Amino acid sequence: MIVPLGHVLILSGLLFVAGLLGVLLRRNLIMILIGVEVMLNAVGLTLVGASAYWRNPEGQLFALLLMAVAAAEVTVALALVVYLKRSRSTIDVNRFNGMQG
Amino acid sequence: MIWDALLALLPFLILFIGSVSVLFVPERRALLFGVFCALLAAGFCWWPCAPVMSDLLLVSSGPFARGCLTVWALLGAATCLLSERYRESRRFASPEFAALVLFCVLGMSILAASTSLVSLFLGLEAMTLAFYVLIAFDRDNPTGAEAGLKYLLPGFLASALLAFGIALVYAATGTFTLQGNVSLPVGAAMHTIAILGWTLILCAIAFKSSLAPFHLWTPDVYQGAPAPVAGLLASGSKGAVFAVLLASIPLTLIAPMRPLLAALAALSMLAGTFAALPQTNLKRMLAYSSVVHMGYMVLAVLTGHQAGLEAGLFYLLSYGAATVAAFGLLASLTDSNGEPQNYAALEGLAGRSPWRAALLTLFLLSLAGFPPLAGFMGKFVLFSAALDAGYVWLVVLALFSSLVSCYYYLRPVVRLFRPSSSSVFSVVANGGELVVLGLCAIIIVTAGMYPGPFFRLIAAIAP
């Protein structure tokens, strides 16, 4: 393996933290979804790197599976975003505070 | 070979084919068709099949997986039966609803049967994807979409954490199978990576099973979701997560995880108890109390071994039956104005519908752990197993929180039997609701008074 596993893990860890910060700090729903996508891509990078390190294809297969799952998740999420935008005419998550107690 | 594999997967295939074909069933029969498919899958679980190499299929076909599948399928059938009223009064699109419930049951079954981290991820995602839609299903309810959003965002975060945790564990060990993963790799760097991975997986599981401090989404989601969906969410999804945690991932074998689990348990008991005290909405109260119950379940995970597993499964059964029944009772009181969630709306129910008031009292008392009901027996067995394993301070905390829980469970009960001036006519329960509520009441009373057969059954299916 040309690139050592440690470097791959550091890069994907940084990507994951960047995505996590995006999820936690942004208030716009679309930006939060993009943050989650960045996190999932960091996972894919880790899987492919580890797969090359251990010399077995399972990790790459799981990375492919992960893309499919992420696509399905985003489909549902975007449908909900459209629904919320139509019914409440906002996608700022701080505005959704109808339930208290 | 291929027939053996297909036969081993038959219950999963029935659920999957059922969830697709229910979309072509007419509106009026769709929910009943969903019930039929779930019961069929539960029945075919016990069709004898040759043991198949589980690493070939990613899901086990052992008795534990089959027992879990039966329970989840029954829960799915109960959800469909309880939703019949919503189809009439809230204009639910019943084919889609039944399809999503079956898909959700499929996810839970894969989750509980998983032998690899890949199928664990897939099962959890299948279940969660169905729940995202189910929670926001009631379009007439203004809080439904908001509840969907409040489940979506933590759910997304949890699945990203779970995926990263799995990737780190794979990077450290080079395998996805659950059996090979519990022993930590040698070498300091790989050891740290594996511990980090398991911690992230535990965080994701805590999100899904709403353990404090990851429980903040729970009350809002329960309040906004339709009552049958909230019942399935509270019993089935949490039960499936804990079935994995109890049977397939012996996290307590990893010594550094133990203080983390103990902290989660203690925090859940305290935070849930104190947040439940001032509630005046039955669904929110049940949400916070479920956080406390999940804290007790972590106690079973910590206890480990056979004793912890059996006590945990029995507790899960008693908690699940009482929770589904409590939400189902709320569903049976729903009319076109919505669910009577507030204690004020439930006031004087004993005068309007005595048997429903009595049943709700029974379910709440079982959750609080009054003898001779199932909740008491579950707590007794669980706490004594944890005491034997040496978790004295956690058991003391659990006893304290279940003592305090009597207050918030009895508050709505007192309101039920108070005479009220309002002359609201309560709706009549239909046949499906009677069956579900009656079965749950029978399970709760029998498991409390005569728990022997239940323990024998659990010991027979335990891995």
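Predicted model: local features only at pLDDT ≥ 70, side-chain atom pairs only at ≥ 80, totals over all residues.
View 1. Along its principal axes, the C-alpha trace of chain B spans about 70 × 55 × 40 Å. The secondary structure here is 23 helices and zero strands. Of the 463 residues in chain B, 63% count as buried. Take the contacts in chain B between residues at least 6 apart in sequence: 80% of these join residues at least 24 apart.

**View 2. Chain A, with its three helices.** Here you can follow the elements of chain A from the N terminus on as α-α-α, with zero strands. A compact globule of 101 residues would have a radius of gyration near 13 Å, but the value for chain A is 17 Å. The C-alpha trace of chain A spans about 50 × 25 × 25 Å along its principal axes. Buried residues account for 30% of the 101 residues in chain A. Among contacts in chain A between residues at least 6 apart in sequence, 48% link residues at least 24 apart.

**View 3. Where chain B meets chain A.** This contact draws 33 residues from chain B and 32 residues from chain A. On the side of chain B that touches chain A, helix 8 (117-135), helix 9 (144-173) and helix 12 (218-224) each supply at least two residues. Which of the helices of chain B gives the most to this side? It is helix 9 of chain B, with 16 residues. Sorted by class, the side of chain B that touches chain A holds 21 nonpolar, eight polar and four charged residues.

**View 4. Helix 2 of chain A beside helix 9 of chain B.** Now look at one pair of helices from the two chains. The axes of helix 2 (residues 29-54) of chain A and helix 9 of chain B come within 9 Å and cross at roughly 15°. An angle under 35 degrees counts as roughly parallel, and therefore helix 2 of chain A and helix 9 of chain B are roughly parallel to each other. Their crossing is left-handed. From helix 2 of chain A, the residues making the contact include Ile32(A), Val36(A), Met39(A), Leu40(A) and Val43(A). From helix 9 of chain B, they include Leu153(B), Phe156(B), Ala160(B), Phe164(B) and Tyr170(B). The residues of this helix pair's contact divide into 17 nonpolar, one polar and no charged.

**View 5. Helix 16 and helix 20 within chain B.** Helix 16 (residues 305-332) of chain B and helix 20 (residues 374-388) of chain B pack with their axes 9 Å apart, at an angle of about 155°. Are these two helices roughly parallel or roughly antiparallel to each other? Angles over 145 degrees count as roughly antiparallel, and so helix 16 and helix 20 of chain B are roughly antiparallel. Helix 16 of chain B passes helix 20 of chain B in a left-handed crossing. Among the contact residues of helix 16 are Ala307(B), Gly308(B), Phe314(B), Tyr315(B) and Tyr319(B). Helix 20 brings Gly375(B), Met377(B), Val381(B), Leu382(B) and Asp388(B), among others. By class, this contact has 12 nonpolar, five polar and one charged residues.

**View 6. Helix 3 and helix 7 within chain B.** Helix 3 (residues 30-44) of chain B and helix 7 (residues 94-112) of chain B have axes 8 Å apart and pack at an angle of about 20°. The two helices are therefore roughly parallel to each other. Their crossing is right-handed. On helix 3 of chain B, the contact is made by Ala30(B), Leu31(B), Phe33(B), Gly34(B), Cys37(B) and Ala38(B). The partners on helix 7 of chain B are Ser94(B), Pro95(B), Ala98(B), Val101(B), Leu102(B) and Val105(B). These contact residues divide into 10 nonpolar, two polar and no charged.

**View 7. Val59(B) and its surroundings.** Look for Val59(B) in the loop between helix 4 (54-57) and helix 5 (63-82) of chain B. Why does Val59(B) count as buried? There are 24 C-beta neighbours inside 10 Å of Val59(B), and a residue is buried if that number is 20 or more. Leaving aside residues up to four places away in sequence, Val59(B) touches Ala65(B), Ile110(B), Ala113(B), Ser114(B), Thr115(B) and Ser119(B). Ala93(B) lies 34 residues from Val59(B) in sequence and 32 Å from it in space, C-alpha to C-alpha.

Methods. Residues numbered from 1 in each chain as written. Chains lettered and ligands numbered in written order. Contact = placed C-beta atoms within 7 Å. Helix = DSSP H or I, 4+ residues; strand = E, 2+ residues; numbered from the N terminus. Nonpolar A, V, L, I, M, F, W, Y, C, P; charged D, E, K, R; others polar. Axes fitted to C-alpha atoms, helices over the stretch in contact; angles between N-to-C directions. Parallel < 35°, antiparallel > 145°, perpendicular 65-115°, else oblique. Left-handed = near helix turned anticlockwise from the far one by under 90°. Buried ≥ 20, exposed ≤ 12 C-beta atoms within 10 Å, placed from the backbone. Rg over C-alpha atoms; globule rule 2.2 N^0.38 Å.
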